[in-house]
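These are my notebook entries on one protein chain. I record in turn what I looked up.

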Amino acid sequence: MPYSDIQIHKVMLEDRIRTQAFEQSIMQVVRPGHRVLDFGCGTGILSIMAARAGAETVYALDKSRFIRVAKRVADANGFGNIAFYHGDHSQVELPTEVDIIVSEWMGHFVFFERLFGPLLDMRNRYLASGGVMIPERISLKAALVSDESLFQNLAFFRTKPYGIDFEEVSDWPFCH
């Protein structure tokens with residue numbers, strides 16, 4: 001499982017714009033006494049942010065073995081109000097409803113991680129009436145891009161280098 005590898009977590013944590021946007025949202029929404037679910041907690045950073053914001057209890061859920069690391073990080077930083085749950089969302093039973101669900105479920109291009117369905121299941125099972133989800137909504141925007149130098153680089157075999165016809169492989173760089 002790729003989420004057992006520290007490198008994917010490092011890439012996400014290095015994305016300061018994304019991480020600070022989550023922190024800002026958490027600080028605006030979480031109040032003392034709130035119960036928070038961090039769905040797909042990874043390193044536990046969003047759990048820690050929710051605890052810092054005053055959450056009474058944070059439930060950190062992840063199905064990767066990396067959750068053991070997240071627990072050690074939370075313990076080392078003095079966040080004893082985070083309860084860690086290892087397992088698939090469908091097998092986990094939380095003790096209470098939650099006021100807030102926070103999750104970085106989007107991955108690359110929104111649906112890469114395939115967590116949207118499981119997130120909705122957890123929302124339906126555990127989000128209290130009037131509860132909040134972070135993020136509340138997302139939008140996906142795409143644009144066509146043309147890069148002449150990239151195209152020329154990929155089209156190398158089409159130029160008949162050294163006077164040799166490489167038509168058999170000329171499209172391969174565009175596909176692989």
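**Notebook: burial, strands and rings**

I began with Tyr59, which counts as buried at 5% relative accessibility. Here buried means under 20% relative accessible area, exposed means over 50%, and partly exposed lies in between, with a 1.4 Å probe and protein chains only. I note that this is a predicted model, in which local features need pLDDT of at least 70 and side-chain atom pairs count only at pLDDT 80 or more, while totals for chains, interfaces and linings use all residues. Residues are numbered from 1 along each chain as its sequence is written, and side-chain values use heavy atoms, with hydrogens and water left out.

**Entry on aromatic pairs**

I looked up the aromatic pairs and found four in the structure. Rings of Phe, Tyr and Trp (its six-membered ring) pair if their centres lie within 6.5 Å; planes under 30 degrees apart count as stacked, over 60 as edge-to-face and the rest as tilted. The rings of Tyr59 and Tyr85 have centres 6.0 Å apart and planes at 70°, so this pair is edge-to-face. Tyr59 belongs to strand S2 (residues 57-62) and Tyr85 to strand S3 (residues 82-86), so the pair ties together parts 26 residues apart in sequence. Helices (H or I, at least four residues) and strands (E, at least two) are DSSP runs, numbered from the N terminus.

The rings of Phe156 and Phe157 also form an edge-to-face pair, because their centres are 5.4 Å apart and their planes stand at 70°. Phe156 is partly exposed at 40% relative accessibility, and Phe157 is partly exposed at 27%. Together with Phe166, Phe156 and Phe157 make up one aromatic cluster.

**Entry on Ser103**

Where does Ser103 lie? I placed Ser103 in the loop between strand S4 (98-102) and helix H5 (116-126). At 1% relative accessibility, Ser103 is buried. Leaving aside neighbours within four places in sequence, its contacts (heavy atoms within 4.5 Å) include Phe22, Leu46 and Ile134. The side chain of Ser103 reaches the backbone oxygen of Phe39 at 2.8 Å. I also noted that the C-alpha atoms of Ser103 and Leu37 are separated by 8.2 Å, although the residues are 66 apart along the chain.

**Entry on strand S4**

Five of the five residues of S4 are buried, so S4 is largely enclosed by the rest of the structure. Two strands pair if DSSP finds at least two bridges between them. S4 pairs with strand S1 (residues 35-39) in the parallel sense over three bridges, and Ile101 in S4 is the bridge partner of Leu37. Four bridges join S4 to strand S5 (residues 127-134), again in parallel. In that pairing, Val98 stands opposite Leu127.

Helix H2 (residues 16-29) has 14 residues. Which residues of H2 are buried? I found Thr19, Phe22 and Ile26 to be buried.

In helix H3 (residues 45-52), six of the eight residues are buried, so H3 is largely enclosed by the rest of the structure. Leu46 and Met49 are among them. What covers the buried residues of H3 includes H2, S1 and S4. Just after H3, I recorded Gly54 with a positive phi of about 110°.

Conventions. Polar contact = N/O pair within 3.5 Å; in protein donor to acceptor, adjacent residues only side chain to side chain. Expected span 1.5 Å × (residues − 1).
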